[in-house]
Amino acid sequence: MLGLIVPVVALALWEIGARAGLVSTRLMPPPSDIAKTLGGLAADGVLLGHMGSTTARVLVGFVLGATVGTLLGAATGVSLRFRALFDPTLQALRNIPSIAWTPLFILWFGIFETSKILMIALGVFFPVYLTLSGAIASVDRRLVEVGRVYGFGTTSLVARILFPASLPTYLIGLRNGLGLGWMFVVAAEFLGASQGLGYLLVDGQQTGRPALIVASIVLFAVLGKLSDRLLAWGGGRLTGWQDGFTAKAPG
Amino acid sequence: MIQLSGVSKRFATGLLAVSGVDLTVEASEIVAVIGPSGCGKSTVLRLIAGLDTPTAGTVRVAGRRVEGPSRSVGVVFQEPRLMPWLTVERNVSFGLHGEETAGPVAEALARVGLDDFADALPKELSGGMAQRTAIARALVTKPPVLLLDEPFSSLDAFTRIDLQEHLLEVWGWYRPTMFLVTHDIDEALVLADRVIVFGGQPGSFEAEITVDLPRPRDRTDLSFHAYQDRAMKELGSSSRDRQARAQTPGWPSRAPSS
């Protein structure tokens, strides 16, 4: 509840300022205009379509990028040879801003869904890969030795010690990846989409409707936050065993 | 049950940790090794466990040459090393693959007095309870050989004495061969049939004390004090010898420990 005070007060001041003529409503539409715009989109029956296609792109790209990132991250975390083989290349590629690949992706995969989803997957891949690989490599050697005492092979070692021990850090990697997925979907939808929240942003700019732009931003915020909470909640149920620092709840 | 002959271990760093160790431990015997930290006594335990391989000599358990960890050897480490994401019960069954677990796990937990904590997570346990869980995990397969590497050294004195009693009860249960590494003289004398004094750089066996006292042993008894004195003297003389050697001109000086 405490977290609501700041945004509610800010929205109220913004609305009052706009109505009192202190800010230009042409460039900075008041919250009520934004709500009206959202209501209009909903009334036209297109709101869910835009939200749905953006969410679907993020979801498919996220699953793809996270899967590849998980497999490669696990392999380079577990095997020194695999790490020596792949990690330097991946680290070098990581330094290229992923959006720089966009023109090439469009040439290779066309302007439609494939290139968009691959862009998102690429953005998701790196944080997932890096976090998992690093987390596995830093699992307590003494726990791994318990596995050796029981004669575990590589598969059991990964499934029963390395992966569970890396899970809390891995989840942070997944959440980072998901955040980047939402970032990349905007870039992908800027480059020619007929539906989606990124399309609404471009449309708002080209037709001079700032309320539409802000409405899309609000929708991005809501969807991003919701998906992150969902992932954090699911992860929290799996990592309740952690004995870490928890700040005291206020009040 | 355990046989070491001419065992040496040199680490990849070049450090010679132990040299020329000969040892025989009979079935159901409890042998304790005492010595200052860093003398290589834990290295001997790791060689018996199959976690390290000797650079010279052979290690045999139950007549078979040790080439890696085996189910017939249970290990309890200095730290409990529990999987923090598993309950006590599932930590204890950690080493069982695919076989019936409920019975052995319940029995092992009962033996260490943790029946009521089967569903607890490691973060909810005290240090002593965590170490008891680790002992139950090592016992669940009833290995004929149990190796204990300073198992109680991070616990307070009350818990330590309590766990030493538990350990003797466990021994009475199915009489495993026990090899205990410790730096606590009293612990060695309370538990072991034989106490071996380990020391030097590289480490080797320097003296052996057969503890001829009935169990449970009374730490306040005069005869117990006599053994304490003897163990102290052996430890003292082994370290005095080393100092004398180090200070005598003409003796090769010790390699700097890395």
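How many residues of chain A are in contact with how many residues of chain B? The legends below begin with this contact and then turn to single elements. The structure is a predicted model, in which local features need pLDDT of at least 70 and side-chain atom pairs count only at pLDDT 80 or more, whereas totals for chains, interfaces and linings use all residues. Residues are numbered from 1 along each chain as its sequence is written, and chains are lettered from A and ligands numbered from 1 in the order in which they are written.

**View 1. The contact between chain A and chain B.** In this view, 12 residues of chain A are in contact with 14 residues of chain B (contact: C-beta atoms, placed from the backbone, lie within 7 Å). On the side of chain A that touches chain B, α7 (141-149) and α8 (154-190) each supply at least two residues. The largest share, 6 residues, comes from α7(A). Helices (H or I, at least four residues) and strands (E, at least two) are DSSP runs, numbered from the N terminus. By class, this side of chain A has 7 nonpolar, 1 polar and 4 charged residues; Ala, Val, Leu, Ile, Met, Phe, Trp, Tyr, Cys and Pro count as nonpolar, Asp, Glu, Lys and Arg as charged, and the others, Gly among them, as polar.

**View 2. Helix α4 of chain A, residues 80-94.** The 15 residues of this helix reach 20 Å from the first C-alpha to the last, close to the 21 Å expected at 1.5 Å a residue (expected span: 1.5 Å times one less than the number of residues). A kink of about 40° lies at A:Phe86, shortly before the proline A:Pro88; the bend at a residue is the angle between axes fitted to the seven residues ending there and the seven starting there. Of the 15 residues of α4(A), the number buried is 0, so the helix lies largely in the open. A residue is buried if 20 or more other C-beta atoms, placed from the backbone, lie within 10 Å of its own, exposed if 12 or fewer, and partly exposed in between.

**View 3. An open sheet in chain B.** Four strands are arranged in the order β2-β1-β4-β5, with antiparallel pairing (two strands pair if DSSP finds at least two bridges between them). The edge strands, β2 (16-25) and β5 (64-65), each pair on one side only. Strand β1 (residues 2-10) pairs with β2(B) over 6 bridges, and B:Leu4 stands opposite B:Leu23.

**View 4. Strand β3 of chain B, residues 30-34.** All 5 of the 5 residues of β3(B) are buried, so the strand is largely enclosed by the rest of the structure. B:Ile30, B:Ala32 and B:Ile34 lie on one side, and B:Val31 and B:Val33 on the other. The strand pairs in the parallel sense with β8(B) (residues 177-182) over 5 bridges, where B:Val33 stands opposite B:Val181. Parallel pairing with β9(B) (residues 194-199) runs over 4 bridges, and B:Arg194 is the bridge partner of B:Val31.

**View 5. Helix α4 of chain B, residues 127-139.** The end C-alpha atoms are 18 Å apart, which agrees with the 18 Å that its 13 residues should span. Of these 13 residues, 11 are buried, including B:Met129, B:Gln131 and B:Arg132. The buried residues pack against β6 (73-76), α2 (88-92), α3 (102-111), β7 (145-149) and α5 (157-174) of chain B.

View 6. B:Tyr227 counts as buried because it has 22 C-beta neighbours inside 10 Å. Not counting residues up to four places away in sequence, B:Tyr227 touches B:Leu189, B:Ile209 and B:Val211.

Note on methods
Two residues are in contact if their C-beta atoms, placed from the backbone, lie within 7 Å.
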